[in-house]
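The exercises below are meant to be worked through with the sequence and the structure in view. Try each task before reading its solution.

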Amino acid sequence: SRASAITIIKRWVFKMTDIENTVLGIVQDTADYLDEPVLLSSRFMDIGINSVLFIKIIVNVEDTYDLEISEVEIVRLLEENVSSLAQYIQKEVAQK
């Protein structure tokens with residue numbers, strides 16, 4: 001029914017927002033050298049997140065969500081932004 005579809009969408013949006021906020025917090029804690037806030041649209045490379053710092057972020061994310069992210073995905077996600085990482089986590093969490 002339409003009502004149950006809306007409920008499912010609301011739950012997904014709420015969970016996505018929760019994941020986005022958590023990931024943003026992890027990235028901000030790692031990039032505490034920045035003068036400006038980290039945004040969902042912030043690209044990791046543009047805010048000075050190198051591969052060593054990104055691995056710290058990934059380990060924290062894996063521990064938080066009990067995930068194991070493949071090396072291929074890590075390399076791909078490093079080229080992306082914070083929102084892409086949150087979306088990836090959302091997809092992985094939904095499959096558990």
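**Exercise 1.** At roughly what angle do the axes of helix H2 and helix H4 cross?

*Solution.* Before starting, keep in mind that this is a predicted model, in which local features need pLDDT of at least 70 and side-chain atom pairs count only at pLDDT 80 or more, while totals for chains, interfaces and linings use all residues. Residues are numbered from 1 along each chain as its sequence is written, and side-chain values use heavy atoms, with hydrogens and water left out.

Begin by locating helix H2 at residues 51–65 and helix H4 at residues 82–94, where helices are DSSP runs of H or I with at least four residues, numbered from the N terminus. Their axes come within 12 Å and cross at roughly 30 degrees, an axis being a line fitted to C-alpha atoms over the stretch in contact, with angles from 0 to 180 degrees between N-to-C directions. H2 is therefore roughly parallel to H4, a label for angles under 35 degrees.

Next, look at the residues that meet: Ile57, Ile58, Val61 and Tyr65 in H2 are in contact with Leu85, Ile89 and Val93 in H4, contact meaning heavy atoms within 4.5 Å. By class, this contact has 7 nonpolar, no polar and no charged residues, with Val, Leu, Ile and Tyr among those that count as nonpolar, Asp, Glu, Lys and Arg as charged, and Gly among the polar ones.

**Exercise 2.** Find how many salt bridges the whole structure holds, and describe their partners.

*Solution.* The search finds 2 salt bridges, each defined as a side-chain nitrogen of Lys or Arg within 4 Å of a carboxyl oxygen of Asp or Glu.

One of them joins Arg43 to Asp46, with the closest N and O atoms 3.9 Å apart. Arg43 is partly exposed at 38% relative accessible area, whereas Asp46 is exposed at 61%; buried means under 20%, exposed over 50%, and partly exposed in between, using a 1.4 Å probe and protein chains only.

Glu73 pairs with Arg76, and here the closest N and O atoms are 2.8 Å apart. These two residues lie 3 residues apart in helix H3 (residues 71–78), so about one helical turn separates them. Glu73 counts as buried at 19%, while Arg76 is partly exposed at 37%.

**Exercise 3.** Where is Ile49 placed, between which helices?

*Solution.* Ile49 sits in the loop between helix H1 (2–30) and H2, and at 1% relative accessibility Ile49 is buried. Leaving out residues up to four places away in sequence, Ile49 touches Ala31, Tyr33, Phe44, Phe54, Ile57 and Leu78. Ala31 is 18 residues from Ile49 in sequence, yet their C-alpha atoms are 7.1 Å apart in space.

Technical notes:
Parallel < 35°, antiparallel > 145°, perpendicular 65-115°, else oblique.
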